[in-house]
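Hello,

Here is the structure we talked about passing on. Please open it first; my notes follow below.

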Amino acid sequence: MTPLRNFIGGKWVESADPARLDVVNPATEEVVARFPGGSPLDVNDAVTAATAAQPAWHAYPVAERVRLVNAWADGVAGHAAELAELECQEMGRPAAAGRVFVAGGVAALKASLADAATYSFETSTVHEGGGTTRIIRNPVGVAAVITPWNFPVAAVLSAVGALLAAGNTIVVKPSEKSPLSTARLFELLPLPPGVANLVLGDGRAGEALSEHPGVGLIHFTGSVPVGRAVGAKAGHGLRRALLELGGKDPVIVDAGVDPVVTARAVAHGAFVNTGQICTSMERIYVHRDIATPFIDALVSAARTYALGDGHDETKMLGPLVDARQRDLVHVHVTDAVARGAKVRTGGALPGGKGFYYPPTVLTEVDDTMLVMTEETFGPVAPVQVVDSFEDGLRLAGRSRFGLAATIYTNDAAHAKAAETLPAGIIWINQWQGGGPDRVFEPAGDSGVGAIGGHAAYDSATRPSAIHREPGLVT
């Protein structure tokens, strides 16, 4: 069993809290690691170390900061298989898929670092009479990065590029459900002591970090309720917060598309990572003209997703992260059935060890059901038949969430109309299309703050205007 420690000021240190929490393998229900419960004293030590290291880190030329962080990215890429294996142990994702997601996190980090070369950390204007105004963008100081359990490695890598390249130092607090891979990530760290720090623990550590007065920015990825609490603490302290929260992402399947090919794509979007992705396809609106072949093909595709331990390369779906998450998914399904939904496949709790749930397709769903209004975060594909694309568009936009949306259509006018959806990301004919260089801001309950590209550097820095007139006032 692996004992985990905090990484503060360039050293692995024991927690001030003697309590220990367990990391449970959701496929076997066995304890695979223990880690500190989370102490405000640990958080204070980490913020103190980050604060002390920040001036020297900012004094490095931007190119040198980027070089050092890129070296970390390269090291992570070389250990992708190991990190994916650790993620499999702690949150259940099949290792084969995990390698892909770790590589995606590395790509996102490198893309963010590359943006530093074109970002204007300083601009200057010369005024009539010889006066000049310079706008310089300095780092905010210490940034807290609180990451979720569903992408332990990729969530850290995706968040820290602009923060570190801009000259901030960081304190990372991973989810208490998946600290194992994040700890290994910090073992690969090539940065100067104190630049990147790791504090383990549950919500107590996250709360202490969110309200610490030495933190200038909080980057939180997680649930809406916790995000609200983090945002409130940041607002109370008049500090900046970037919140990437939940989703209830819609899919519109228009008449005229190939129903079988599209159904396979939707199955992937609904079931990959056992549906535990903020941008999973959680509401599907299909045009009546192709509804029957689409639903039949979706059911057939769902039945090809084999459940099992992620160490088995033939298995496509691992377990849900814990019993609580599996129970929530099943509550959504049983609520839908009680209100008139039809289970086309799945929908039953399997026996035996592990927190598994089968890929499930529901039809005859509507907005009275939890599965159509609340984030499910599991392998469930609820399908509602609509009479027109316009009906699908209207229903897709009727949600308090606004993270992403996907549209399958061959109609250019319909594709254009979909751009009005209140969502941070809109994919047309390819879920997860595009690269790591996108810029977006979630809408509604899905979060606050622009993410990606130069927008990430705007968030990571604070502009100051410096005006100078020639000569001295006498």
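I started with helix H11, residues 323-338. H11 has 16 residues and reaches 22 Å from its first C-alpha to its last, close to the 22 Å expected at 1.5 Å a residue. Bear in mind throughout that this is a predicted model.

Which residues of H11 are buried? They are Gln325, Arg326, Val329, His330, His332, Val333, Asp335 and Ala336. The cover over the buried residues of H11 includes strand E16 (360-363), helix H12 (370-373) and strand E17 (380-386). Just after H11 comes Gly340, with a positive phi of about 115 degrees.

Next, the cores. The largest nonpolar core has 53 residues. Trp72, Val76, Val160, Leu164, Ile170 and Leu191 touch the most other members. Helix H5 (residues 152-165) gives the most to this core: nine residues.

Ile170 is worth a look in the viewer. Leaving out residues up to four places away in sequence, Ile170 touches Ala50, Ala143, Val145, Val160, Leu163, Leu164, Val195, Ala196 and Asn197. Another core, of 38 residues, lies apart from the largest one. Among its members are Phe151, Val286, Ala301 and Leu317.

How many cavities of 30 Å³ or more does the structure hold? It holds one. The largest cavity has a volume of about 80 Å³. Its lining has 14 residues, and Pro250, Arg283, Ala396, Phe401 and Pro422 lie nearest its centre. Strand E13 (249-253), strand E18 (401-402) and strand E19 (404-408) are the elements that give two or more residues to this lining. By class, the cavity lining has nine nonpolar, two polar and three charged residues.

Last, an open site. The second largest pocket holds about 160 Å³ of space. Its lining includes Thr2, Pro3, Leu4, Arg5 and Trp12. Glu82, Leu86, Leu180, Ala183, Arg184 and Glu187 line this pocket too. Two or more lining residues come from each of strand E1 (2-3), helix H3 (80-91) and helix H6 (180-187). H6 gives the largest share, four residues. By class, the pocket lining has six nonpolar, one polar and four charged residues.

Best wishes

Methods. Residues numbered from 1 in each chain as written. Predicted model: local features only at pLDDT ≥ 70, side-chain atom pairs only at ≥ 80, totals over all residues. Heavy atoms only, no water. Core = buried A, V, L, I, M, F, W, Y, C linked by side-chain atoms within 4.5 Å. Buried < 20%, exposed > 50% of the residue type's maximum accessible area, 1.4 Å probe, protein only. Contact = heavy atoms within 4.5 Å. Expected span 1.5 Å × (residues − 1). 1 Å grid on protein atoms, 1.4 Å probe; cavity = no way out; pocket = protein on both sides within 12 Å on 5 of 7 lines; lining within 4 Å. Points joined across faces, edges and corners; volume = space filled by probe spheres on them. Nonpolar A, V, L, I, M, F, W, Y, C, P; charged D, E, K, R; others polar.
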